[in-house]
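Welcome to this tour of aromatic rings and their neighbours. Keep your viewer open and select residues as we go.

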Amino acid sequence: MNRLLRVLLVSAVGVVSVGFAIAVVMIAYAAFVLWPQLPSADSLREIRLQEPLRVVSAEGDLLAEYGEQRRQPKDFDEFPTDLVLAFIAAEDDRFFQHPGVDYQGMARAIAYVLREREFGPGGSTITMQVARNFFLSREQTILRKANEMLLALQIERTLTKEEILELYLNKIYMGNRAYGVAAAAEVYYGKSLDELDLAQMAMIAGLPKAPSAFNPIRNPQRALQRRAYVLARMYQEGFISHERYEQANAAPVTARLHAPRINVDGRYVAEMARQQMVDLYGEEEAYTGGFKVYTTVHSEYQQAANRSLRRALEDYDRRHGYRGPEGRVSEEQLNDPQILEQQLRAHPPFGGLIAGIVLEVEEDAAWVLVRDDDVLRVPFSSMEWAREYINANRRGAAPESAKDVVSRGDIIRVARRGDDRGLFRAVPEAEGALVSLSPVDGRIFALSGGYDFRRSSYNRAVQASRQTGSAFKPFIYSAALEHGYTAASIVNDAPVVFQDDALEGYWRPGNYTGRFYGPTRLREALVFSRNLVSIRVLRDIGVGRAIEHVTRFGFDRGGLPADLSLALGSNSATPLQMARGFAVFANGGFLVEPNVIERVEDPSGDVVFAPNFPQACKLCDDGPRLLGHGMEEFDVLDLPPLAPRKIAEDNAWIIGDILADVMTRGTGRGALRLVNRGDMAGKTGTTNDLRDAWFVGYTPDMVTAAWAGFDDQRTLGARETGAAVALPMWSRYMATALERVEERSIARPEGLVTVRINPESGKVTGSDNPDAVFETFREDSVPVREEGDGRDGRGRGAEREIF
């Protein structure tokens, strides 16, 4: 085709002017060849712009964004007037007068081609740019230019000027992966369109000409020149006053690279949603389809989970001393601002703690350089904890001044407080996880898989399978209730030696305290986590039967050791699995399926995916109040599917009643300092050599599991139990999450009775016994009376004693 055009042009030169020949040939070629082949401009109405995948909280707060192209399409009336006028002035000042092709500009462009013998500036209208961006390549040929002009004419006949501008302002490439003006505002200024000032709008309007050359981050001087041109054109066209022109022209360059504005730090949750979306739609569609994934997490709960986890790990870290600076800068380098900036960039913020370089140190404070050339005063009072770390059980001497802790050139961490003050901190090496879900249907309210996703994307809440320790005992005791035990059954807590081939010979287990407590009721054994009682119970009911029972709580049979160590939680499970298991106690015996996606919307806001969560039917009977947390009331003819029942309701209630005692007089009582309410139940867990610290607990409306430990399985150190490390994490989170949740108890099932018993024998006693305590039993499992009045206490566990 290009060869034919050249032949025609040479012939035409001999008859008329070259310009007229070009026009004749182009018109003829357009009419008979190009026009019939043009795509329909109507298709622009159906165009779907590539948009990233956005993952948001239940309230719509952004958690994460995925995709190569950052784009936020807007309707025309959402574009600020000044922004539209800036683009008109910069790109096409006759946009509202021409029919898609500006013949004046085209004449200038043709003249340039004839004069310079190459393509040059001018002639391309906004409508022609729309035609090129949506339908054509960017190669510079006469054929493509002809197609571009014809398409522009067709587009103008089909769409309004506002519709054309809307397409243009949403499609145009603005550099740094930003497509469209809304994405550019976010990328360069971290703002929405309506937050931009005139200088910033003019800077953005100058980008399409050459997004790299006029990039205000890479080339601020050239970007300033381009902005000045745009502002001058706006003033010349009468779009802005002289005063506004002068003010905007004098404004400094404020652009810097911004990541998507994350409203809530929920990257571990977002990553779970991203993986599910890829599974559902494939990578290409998931990342470009403009899907908006509403998760089940609540912004307030998620923020509380992050704060609680970080606080628990930081408190643990301070108890064990300071491990030293993250790096050092030499004396020579301290005088080089570029090197200092590079060093600070190499240490990004983690958990809200920013990196700083120590510039000066005095007795009572250090002066620390942080990003943006700010210098913070860090007082010694915030360093007093920083005794030298020696090992998990030893620290050095207490520091007496700031000079004992830091030196010039140290790269340290600070928690910023105001414009000129910081507190001395350190990023902990220990890790943790917290997951909170609804026992009604498994909706995950909050999930944090580590101290900071940027430091480690490993999601410990769902990927870290760790030994469960005593936090697993409630499942063993639930099996005991099913096989004839009661909460008053007596089991001897005394030294014992087991010969167990599965444990490679002899095994001499003991209690954490090193003491033995003799005959112990089952309730007390679980409340105070007596190891020997748990082992004897498991041996009595049989490991096989216990495993069969435990798998009903969602635990994989392959991860359950078939030996007596199971009684002490030698198995491994993730925090999410533990939360799911405890939910069975909280909801009356049903196994729910944890889930993180509430619904998925397409770019038009239509719901394209919404899982139907199986629900625990006992709680469903209580209606929408329990199904709250953002759920709509459901029609009785459209009930959700029911979660399967796994244990009897009375079994779940009795275990929960015992676990409530853990909170009031057992290892969980420390939670009451932060969460003073009477409907909590839970269990601590501490593993061999103190490698794992657990607390899993619940109310009728929320189950939460907290775990802490080292990724490499190191010991946490002496006295770093579940009560010391994990319980504070759990408690701080629940204090926020339950703040507006009404306190209530789980209704006691039918078929249970409460009677006075002698705590020493576990048998029914009279009201005249001053030591009597109340205990709850199934009707067929009430023990005999001490007086032997004939009540036989039918039920296999009524008089069970294990010694």
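Start by selecting Arg 274 and Tyr 66: Arg 274 lies over the face of Tyr 66, 6.0 Å from the ring centre. A charge counts as over a ring if NZ of Lys or CZ of Arg is within 6 Å of the ring centre and within 35 degrees of the ring normal. Next, pick Arg 599, which sits over the face of Tyr 294 at 3.8 Å from the ring centre.

A note on what you see: this is a predicted model, where local features need pLDDT of at least 70, side-chain atom pairs count only at pLDDT 80 or more, and totals for chains, interfaces and linings use all residues. Residues are numbered from 1 along each chain as its sequence is written, and side-chain values use heavy atoms, leaving out hydrogens and water.

Now for ring pairs. Rings of Phe, Tyr and Trp (its six-membered ring) pair if their centres lie within 6.5 Å; planes under 30 degrees apart are stacked, over 60 edge-to-face, and the rest tilted. How many aromatic pairs does this rule give? The count is 21. Select Phe 76 and Phe 79: their centres are 6.4 Å apart and their planes at 75°, so this pair is edge-to-face. Phe 79 is buried at 5% relative accessibility (buried means under 20% relative accessible area, exposed over 50%, partly exposed in between, with a 1.4 Å probe and protein chains only), while Phe 76 is partly exposed at 24%.

Move on to Tyr 316 and Phe 710, an edge-to-face pair with 6.1 Å centre to centre and 70° between the planes. Both are buried.

Finally, select Phe 472, Phe 475, Phe 553, Phe 555, Phe 582 and Phe 585, which ring pairs link into a cluster.
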